[in-house]
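Me: I would like to learn how to read a model like this one, feature by feature. Could we begin with the ligands and then turn to the chains?

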Amino acid sequence: AVGACSSGSKSGSGSGDKIGWSVAYFDHPVYQLMMKGAKEEAAKLGVEVIFADGKNDPAVQTQQLNNFLAQKLDGIILTPAVSDPMIPAIKKVNQAKVPFAVVDRRMETKGSGIKWDFLVSWDMVKSGTVGGEQIVKALNGKGKIAVVEGTAGAGSTVDRGGAFYKVIAANPGIEVVYKADGNFTRSGGQQVTEAILQRFPKGQLDAIYYMADEMLFGGIQAIKNAGRRDDLKIVSCDGDKNALDMLRKGEIDYDGIFFPQDEGVIGTRLMTQLLKGEKPDFANQEHEGRKAALEEHEGMVWVKPDFFGVDPSNMNDPQFVGW
Amino acid sequence: MVASSTPQPLLRMEGITKSYGNVQVLHGVDLEVGRGEVLGLLGENGAGKSTLLNVLNGVIGREGGSVLIDGQPVEFAGPKQAQEAGLAFIHQELSVLPYLSVAENIFIGRLPRRKGMPWLVDWASCYRRAGEILERLGVRIDPRTMVGRLGTAEQELVEIAKALSMNARIITMDEPTASLTEAEIERLFTLMRQLKADGVSVLYVSHRLDEVGEICDRATILRDGKIVTTVDAKTTGSHALATMMVGRELSELFPKTEHERGPETLRVSDLSTPKLKNVSLTAHRGEILGLAGLVGSGRTELARAIFGADPITSGEIFVEGEKVTIDSPGAAIRHGIGLVPEDRKHQGAVLSMSNAQNISLACMSKVSRLGQLNRGAERQEARRLIQDLQVYPPRAEQETGRLSGGNQQKVVLAKWLFAGSKILIVDEPTRGVDVGARAAIHGLINDLAGQGATIIMISSDLPEVMGMSDRILVMHEGRVAGELARKDFSEEAIVMYASGLEPTTSGPEPAVAGLEPTREGSNA
Amino acid sequence: MSTLLAQNPGRQREAKASRTRRLPIQGQQLALVVLIALLAAVFTTQSPEFLSVASIENLLRSASMFGIVGLGLTIVVISTGSIGGIDLSVGSMMALGGAIGAGLLGTAFGAANPVQLPAALSMLIALVVTAALGALSGLLISLLKLAPFAVTLGMMSVARGLTYLVIAWAIGSSNTAGVTFSDPLFDVFGLGMVGPIPTITVLFLVLAALIAFVLKATTFGRSLFVLGGNAENARLAGINVRRTIIIVFALSGLLAGLGGLILTGRLSSASPLAATGYELEVIMVAVIGGTSLAGGRGSILGTVLAAILVSEIDTGLDMMNVDSFYQYLVKGTILVVAVVLDKAYQARSSRKLVQQSA
Amino acid sequence: MSSTAQLDRQVVEAPKRGLARLNIQLENIASGIVLVLLVIVLGAVSPAFLSFSNFLDIARVVAITGIIAVGMTLVIITGGIDLSVGSTVGLVGAVTASLVAGSVSDNALVSGVKLPVPLAVLVGLAVGALIGLINGLIITRTKIEPFMATLGTMIFVKGLLYLYTGGYPITFDPMPHGYAFLGQGAMFGVPTPVVFFAVAVAVLWWLSRRMSVGRAIYAIGGNPEAARLSGLKVDRTKVFVYTLLGLLAGLAGIILTSRQASADTVIGTGFELIAISGVVIGGTSLTGGRGSVIGSLIGVFIVGVIQNALNLFGASTQIQYVVTGLVLLLAISLDGIARRRRRT
Ligand SMILES: Nc1ncnc2c1ncn2[C@@H]1O[C@H](COP(=O)(O)OP(=O)(O)OP(=O)(O)O)[C@@H](O)[C@H]1O
Ligand SMILES: Nc1ncnc2c1ncn2[C@@H]1O[C@H](COP(=O)(O)OP(=O)(O)OP(=O)(O)O)[C@@H](O)[C@H]1O
Ligand SMILES: O[C@@H]1[C@@H](O)[C@H](O)OC[C@H]1O
Ligand SMILES: [Mg+2]
Ligand SMILES: [Mg+2]
C-alpha cells in the first residue's frame with residue numbers, strides 16, 4: 001500500500017471547494033498548458049483553482065503558500081521552481097493539516113519529515129535516460145557533447161540530469177565538454193548556446209543536448225546564425241509542437257514528449273477527490289487515453305504520466321504531433 | 001608700503017605657490033596679518049584671492065611656501081585641522097545645507113555634545129548657542145528654521161554666524177558682503193570692530209573698495225598671483241586701490257554717459273504673481289532703468305516674471321507697443337529680451353560646457369542651419385565677444401567652470417550680446433566682480449544703451465545703481481514703492497521708499513504687510 | 001540710515017511665526033499610515049481573511065526582510081545622495097550573505113565543505129564578508145570619486161559570482177542548485193515568534209529605532225545628513241568624508257547580509273539565484289518612505305511604513321486573487337503615484353511654511 | 001594681462017590643439033585604452049580571438065544592447081536614467097512579432113491582425129516611442145526622479161507584456177524573409193543588427209555633437225536652470241530623448257525577436273543594467289552634462305569582448321559574473337583616475 005493521507009479530509013461538501021496552486025512561473029508553455037488542463041478539469045468538477053505566479057522565486061512561492069493558508073483554502077498544490085527552499089513552507093502547510101500535493105517538479109523531503117498527499121510528475125528520469133540514449137545513438141557512441149541544463153535545483157533538472165549523465169557515464173566514448181544553466185527559458189538557451197559556439201569552433205563539438213524545448217528554441221537560432229547546424233547533432237526534450245515540427249523537417253535529431261495538461265488534469269482531479277472525502281483513485285489515472293503509472297517516492301504516492309522518446313521512426317505517429 | 005603693525009605677526013604666509021594643472025595661479029605669495037588687524041586682500045577676478053584663502057584654510061594643498069601662526073610653521077591636512085588651529089573661513093560661494101536647521105548649519109561638524117556621552121548631540125545647547133550668536137549678529141532668525149526656507153542674504157548671515165561661532169583667532173572672509181544690504185554690512189562691520197578689539201585678526205576680501213577704507217587697516221594687493229604691494233587702507237583712496245589692482249589708470253567709475261531716451265520699448269502693466277502686486281513700469285530705447293529695493297523686495301521676482309521664467313497670475317506686457325505673451329524664456333528671447341540672472345553658478349552658465357557653447361546657447365539658430373551647428377562660425381563669434389569683454393583666459397574652448405567668478409559673469413553677458421537682446425535685464429551684474437571687470441561691464445552696459453538697447457539693472461549697490469541709471473524704481477514688498485528721476489537721486493530717498501516710507505513725510509505707511517505671503521528677507 | 005532699515009516690520013512677525021509646530025509624525029508619514037489603513041480596508045472587504053493573524057504574520061515577515069535591507073539603503077541614500085548615492089548590490093549581497101551563512105554550516109545536507117561551523121559563527125562570517133564588500137564599494141566611491149550607481153552595479157555582479165562560488169564550494173560540485181540545511185538558529189529567523197509577532201519583525205523594529213536614534217541624536221548621524229546635503233561642505237566642515245562613505249556602504253552590506261540570512265532562514269536553503277532583482281524592491285521601499293534620491297533628506301519611520309505598505313500591496317493583491325499579470329500594472333502605478341504624492345506634499349508643505357511666516 | 005600669464009596660456013593650449021581637433025575627450029581615452037589593452041592581451045593569449053569572424057560575432061552580440069546604450073547615453077547626459085528599456089524590448093518585440101504574418105501564439109489576446117513587415121515594424125517602433133514618450137511626460141510633468149518614474153513604467157510595461165502574450169511565447173511558422181532579415185540577415189557580409197547599431201551610433205553621435213538639439217541635451221544635463229533661462233525647451237528636449245530611447249529599445253526588441261525567431265516574456269530582462277554598464281564604462285557621468293555616444297560604443301564593446309573572451313576560455317557562469325563585475329569596477333576606476341588627474 002502506498003502512503004496514507006497526512007490530513008483528515010473535510011466533510012464531503014463537494015463542489016465549491018477552493019484549491020490554491022502556486023506555479024513555478026506562468027510564462028512557460030508547459031505551465032500554461034498544465035494550468036489550462038487544471039482549469040478545464042476544475043470546471044468539470046465544480047471546484048475553483050486559484051493560480052499564483054511563483055515568478056521562479058522560492059521566496060515568492062513561500063509567501064504564496066502562507067497566503068493560501070491565511071485564506072483557509074481547502075487544498076493546496078505546489079509546482080516548485082526549485083525544491084529544497086520550499087521545505088519550511090510545506091512544513092507549515094502540513095501543520096495546518098491542509099490537503100497538499102506536489103505537481104510536475106518533484107520535491108525531496110531531505111529528512112525534514114514533510115508530507116504530501118500525492119505527487120503528480122511525469123517520468124523525468126526516463127526523459128533523461130532516453131535523452132542520453134538518443135545522444136549515444138546520434139554519435140554512434142563517440143564524440144564531444146555540450147549540455148544546456150534546466151534551472152539548477154529544479155526537480156526536473158536534477159532527475160533528468162542525473163539519468164542523462166548516468167547513461168553518458170556508461171558510454172566512455174562520449175565526453176561532456178561543457179554544461180551550463182539555461183534556466184528552462186528561450187533567452188537562457190540562446191545565451192548558453194552562443195557561449196558554447198564561441199568556445200568550441202567547428203570540429204571541437206559534436207552534439208548539444210537541451211533539457212527542454214524552450215531552451216532549444218533559443219539555441220537553434222544561435223546555431224543557425226552561426227551556420228553550425230550541419231556539424232552538430234541536436235537532441236531535446238518536452239514535445240512542443242514546434243520542436244517536433246523541427247524534428248520532422250530534419251532541423252533537429254531527436255526529441256521526446258510528455259503531456260503537461262495531463263498533470264494539470266490529474267492533479268486537480270485527485271485533489272478534488274481528496275477534498276470530497278473520497279478515496280483518490282491513484283492507480284487508475286489517465287487523460288485522453290494516456291495512462292499514468294502509480295509508484296512510490298519517499299514513501300508517498302507518485303502518479304506518473306509517461307514520457308516517450310520521439311525520433312524519425314515514430315515522429316509521424318498522430319499521438320506525437322506535439323502540443 | 002606699510003610695515004606690519006606688530007613685530008611678530010599673528011599670521012604669516014611665505015612664498016606660497018599653487019598651480020591648477022600646468023597653470024600657475026600663485027607665484028610665491030608673501031603676506032602678513034597682525035593681531036587684531038583687518039587686512040584687506042584685493043585683486044581682480046582671477047588674481048588668486050580665493051585660491052590663497054583656500055590654501056591658508058587647508059581646503060586645497062599647495063606646492064611650495066609655508067604658513068606660520070605665531071611664528072610657528074603649521075601644516076593643515078584639511079579644513080578641520082585649520083579650524084582646530086583657530087582659523088575660520090567664510091567661503092565666497094554659499095555653502096549652507098538647505099534641509100538642515102540654522103543651528104545645525106552653524107555648528108556643522110562641531111555640534112555641541114552631551115557631557116559624559118560625547119557621541120550624543122546636545123540639542124538644547126545647540127539651539128541656545130546658535131540663538132546667542134544670531135543675537136550678537138543682530139539677526140532674528142529662529143535657529144530651528146530650515147535653512148532652505150531662508151533667502152540668500154539670510155543664508156549668508158548664517159555663514160557668518162558659523163564663522164563667529166568658532167571663536168577663531170583668524171577669520172578669513174571671501175566677499176561676505178556680496179549679497180548683503182547696507183544695513184547688514186554695517187552690522188557686520190560693527191561686529192568686526194568688536195572682534196578686532198578682542199584681538200581677532202581678519203583677512204577680508206571684497207570688491208567693494210569703499211568698504212576697504214572703512215573697515216580695513218591695511219590692504220594687500222594681489223595681481224596675477226603675485227603681491228603687488230601692501231598699503232594703508234585708511235589713507236589710500238578707492239581710486240588708487242583700483243589702479244594698483246588693475247595695473248593701469250582706470251577711467252572714472254560709473255562713467256555715466258547720457259544717451260537720448262528713445263521711444264518706449266517695454267511696458268509692463270499690472271503684473272502680478274504670488275509675490276508681486278500690480279507692478280507697472282515702462283522702459284525706453286537707450287535708457288538704463290535701475291531697480292532698487294531691499295533684499296527680498298521682489299526685484300528678482302519681477303525680472304523673472306518679465307522674462308517668462310516664472311508664471312504670472314495677471315498683467316500685460318508690451319514690447320515696442322505691441323502686446324505680447326511671454327510664457328517662457330524662449331518667448332522672451334524671441335521678443336528680444338535677455339536676462340543675466342543673479343546666481344550665475346546655478347542659473348547663468350553651464351559650467352561643464354565651453355565658453356563658446358555658453359555664448360551661443362540662447363541663440364543657436366544664429367550659427368546653425370536646419371539644426372546643424374556651424375561650429376567654426378560659433379567659435380569665431382565667441383572669440384570676438386571674448387576679446388571685446390576681455391574674458392580671461394581668452395579661449396573659446398575653455399570650460400567655463402574653470403574661469404573665475406567675474407569672468408564667468410562676462411561669459412553670461414556675452415551670451416546676450418550674441419543673442420542680440422534689445423531689452424536686457426541684468427540682476428546684480430557686478431556682484432562679486434572686480435573693479436576692472438566691473439568697469440568693463442559698466443562700460444558695456446553704457447555702450448549697449450548708447451546703441452539703443454533698453455537696460456533694466458537690478459543692484460543692491462546704491463552707488464552703482466545711482467551712478468548708472470537714468471531712472472530708478474524702488475520696490476517694497478512686491479510693489480513699486482517709488483520712482484526717482486536722475487535729478488532726484490539720493491540714497492535717503494531710495495532707502496525711504498525701500499523701507500515702505502514716503503521720503504517727504506516721516507510717518508510710516510499703513511501696514512499692508514501681513515496680507516501677503518512674503519519670505520522675510522534678512523534682518524537689517 | 002541703518003537704524004531705519006533695521007525697523008523693517010516684517011522681521012518681528014517672522015520670529016514669532018517660524019516656531020514650527022512639530023508633530024511626532026510628519027505629514028508624509030501620516031499619508032503612508034492613512035494609505036496602509038485604507039488599503040487594509042479595501043483588501044479586507046474583498047477578502048476578509050486579509051486581517052487574519054496568519055496573513056498579518058506573513059505580511060510582517062516579508063516587510064521585515066525588505067525593511068531591514070531598506071534601512072541600509074535609506075542610510076546610503078540620505079548620506080550620499082548628493083553624489084548619486086545608491087546601492088544596487090543589495091540583492092546580490094543578500095544572496096551572498098545567505099550562501100555563506102548556509103554554506104559554512106555543519107548541518108547542511110550533502111555539504112562537502114571542509115569547514116563546518118556552528119550557525120552563530122557562520123552567520124557572523126556572512127555579515128563580516130558582506131560588510132567588507134560594502135566597505136570596498138565605499139572605498140572605491142570615496143577614494144576615486146566614482147559614481148555609486150556604477151560601483152555598486154559592478155559589486156552586484158561580483159557578489160552574485162561569489163555566491164555561486166561559495167555554494168559550489170560548499171556542496172562540492174558545480175551543480176549550483178543551492179544549499180539546504182536544517183538549523184535551529186536559522187529557524188528563529190524563519191519561524192521564530194515573540195508573542196504574536198515574528199522575531200524578525202521585532203529585530204526590524206529594534207534596528208529601525210536604533211538607526212533612527214543614531215541619525216537624530218548622534219554627531220555621526222548628523223554628519224550623514226551633512227554629507228548627503230553636499231559632499232564638499234562636509235569636507236569643509238571637517239567630516240571625514242571617506243570614512244563616512246565607507247561606513248555607510250559597509251552598513252548597507254551588513255544589513256543586506258542580515259536580510260539574506262533571514263531569507264535563507266525562511267527557506268532553510270540558500271540558492272545562487274536568491275534575491276534576484278530585490279534591489280529595486282528595496283529602493284522602492286526607501287523612496288516611497290520619503291527618502292529623496294537627491295540625498296540629505298529621509299526618514300527611518302518612512303522606510304518602516306513603506307516596507308509595510310509594499311508588502312501589504314503584494315499580500316493583498318495575492319489574497320484578492322488578482323492575476324499576477326495585473327499585479328504588475330497595479331504595482332507600477334502605485335509606485336509612480338506614491339512618489340508624485342510625496343513630491344506634491346513636499347511642495348505644499350514648503351509653500352505653507354512661507355505663508356505661515358508672512 | 002601680464003606676459004607670464006600669456007606664456008602660461010600657450011603652454012596649456014599647445015598640447016590640447018591636436019586632440020581638440022580630433023574631438024577626442026579625455027573620458028573616452030580611458031575606456032578606449034582599456035579596450036585596446038584588452039584586445040591586445042586577449043589576442044596574444046588566444047589567436048582565435050583576433051579572427052574577423054570572432055570580431056563580427058562580438059559585434060553581433062553587443063549590437064542589440066549597444067543600440068539601447070547609445071540612446072541611454074543621451075538620457076543620462078540630460079541627467080536622467082531609464083530603467084524601463086528592458087520591458088520595452090519585451091513588449092515591442094511581442095507586439096511586432098504578433099503583427100507579422102506567420103506568427104503564432106496560444107494566447108487569444110495576441111493580435112489576429114497581420115501586417116506587412118515594414119508596417120508591423122513601424123507599429124512596433126511607435127509602441128516603443130510611445131512608452132518613451134510616457135516616461136518623458138511623467139518625468140517632466142510630475143518632476144519625480146527619472147529613476148523612480150521609469151522603475152514604475154518598467155514594472156507596468158512588464159505587466160502589459162504578460163497580459164498581451166498571456167505568458168505564451170509567440171513563434172513563427174514560418175518567419176517572413178523580411179522579418180528574418182532584421183535579425184538574422186547580413187548586408188555586404190555584415191550582420192544586419194551590426195548595421196543597425198552602426199547607423200544608430202552615427203546618427204546619435206551627429207545629433208549630440210553637431211546639432212543644436214544635442215547641445216541642448218548637454219546644457220540641460222550640465223545646468224537645467226541655466227538652460228531654461230537661455231530659452232532652451234528643457235522639457236521638450238527631455239521628452240525627445242526618452243522617446244528616442246524608447247524607439248531604440250523597440251528597435252532592439254524587434255531585432256531580438258527576429259534573431260531568436262520568437263518573442264517571450266523574459267527577453268530584454270536586465271538589459272537596462274547591461275546598457276547602463278556600457279554607458280558608464282564609456283565614461284559618461286551619471287550626474288549629467290558630460291559623456292559621449294562614442295564612449296558608450298567603446299563601453300559596450302568592452303563588456304562584449306570580455307564576455308566573448310570568457311566564453312572562449314570556457315569560464316563558468318560564476319567566474320563570468322565575478323570577472324564582468326571586476327572589469328566594470330576596473331574600467332570606471334581608470335576613468336575616475338583619468339578625470340582626477342585632469343582636474344588637479
Ligand atoms: N579648480 C580650478 N581648476 C583650474 N583653475 C582654477 C580652479 N579654480 C580657480 N582656477 C583659476 O585660478 C585663478 C585664480 O582663481 P581665484 O578663484 O583664486 O580668483 P579670485 O581672485 O578669487 O577671483 P574672484 O574675485 O573672481 O573670486 C583663475 O584664473 C581661475 O581660473
Ligand atoms: N526661496 C524662497 N522661498 C520662499 N519665498 C521666496 C524665496 N525666494 C524669494 N521668495 C519670496 O519672493 C520675494 C521676492 O524675492 P526676490 O528674490 O525676487 O527679491 P529681490 O528683491 O530680487 O531680492 P534679492 O536681492 O535677494 O534678489 C521675497 O520677499 C520672498 O517672499
Ligand atoms: O521539461 C521541463 C519540465 O520538466 C520542467 O519542470 O519545467 C520546464 C519544462 O520545459
Ligand atoms: Mg574668489
Ligand atoms: Mg534678487
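Me: Which residues come nearest to ligand 1?

Reply: A residue counts as near a molecule if one of its heavy atoms lies within 4 Å of it. In this predicted model, 18 residues are around ligand 1, and Asn45(B), Gly46(B), Ser50(B), Thr51(B) and Arg402(B) come nearest. For polar contacts, look for a pair of N or O atoms within 3.5 Å (within protein, one must be able to donate a hydrogen and the other to accept it, and residues adjacent in sequence count only if both atoms are side-chain atoms). Here a backbone N or O atom of Arg402(B) lies 2.8 Å from an oxygen atom of ligand 1, while the corresponding value is 2.9 Å for a backbone N or O atom of Gly48(B) and 3.3 Å for one of Ala47(B). Ligand 1 has 640 Å² of accessible area on its own, and the protein covers 80% of it, where such areas come from the Shrake-Rupley method with a 1.4 Å probe and, for residues, only the protein chains shown count as cover.

Me: What should I know about the numbering and the conventions behind these values?

Reply: Residues are numbered from 1 along each chain as its sequence is written, and chains are lettered from A and ligands numbered from 1 in the order in which they are written. Because the model is predicted, local features need pLDDT of at least 70 and side-chain atom pairs count only at pLDDT 80 or more, whereas totals for chains, interfaces and linings use all residues; side-chain values use heavy atoms, with hydrogens and water left out.

Me: How confident is the predictor in chain D?

Reply: The score to read is pLDDT, the predictor's confidence in each residue, from 0 to 100. Chain D has a mean of 86, with 90% of its residues at 70 or more. For the model, ipTM is 0.82 and pTM is 0.84.

Me: Why is helix H9 of chain D described as largely enclosed?

Reply: Buried means under 20% relative accessible area, exposed over 50%, and partly exposed in between (1.4 Å probe, protein chains only). Helix H9 (residues 212-222) of chain D has 9 of its 11 residues buried, so the rest of the structure largely encloses it; among them are Arg215(D), Ile217(D) and Tyr218(D). Of the 344 residues of chain D, 63% count as buried.

Me: Which chains touch with the most contacts?

Reply: Contact means heavy atoms within 4.5 Å. Of the 5 pairs of chains that touch, chains C and D have the most contacts, whereas chains A and B do not touch, their nearest C-alpha atoms being 38 Å apart.

Methods. Helix = DSSP H or I, 4+ residues; strand = E, 2+ residues; numbered from the N terminus.
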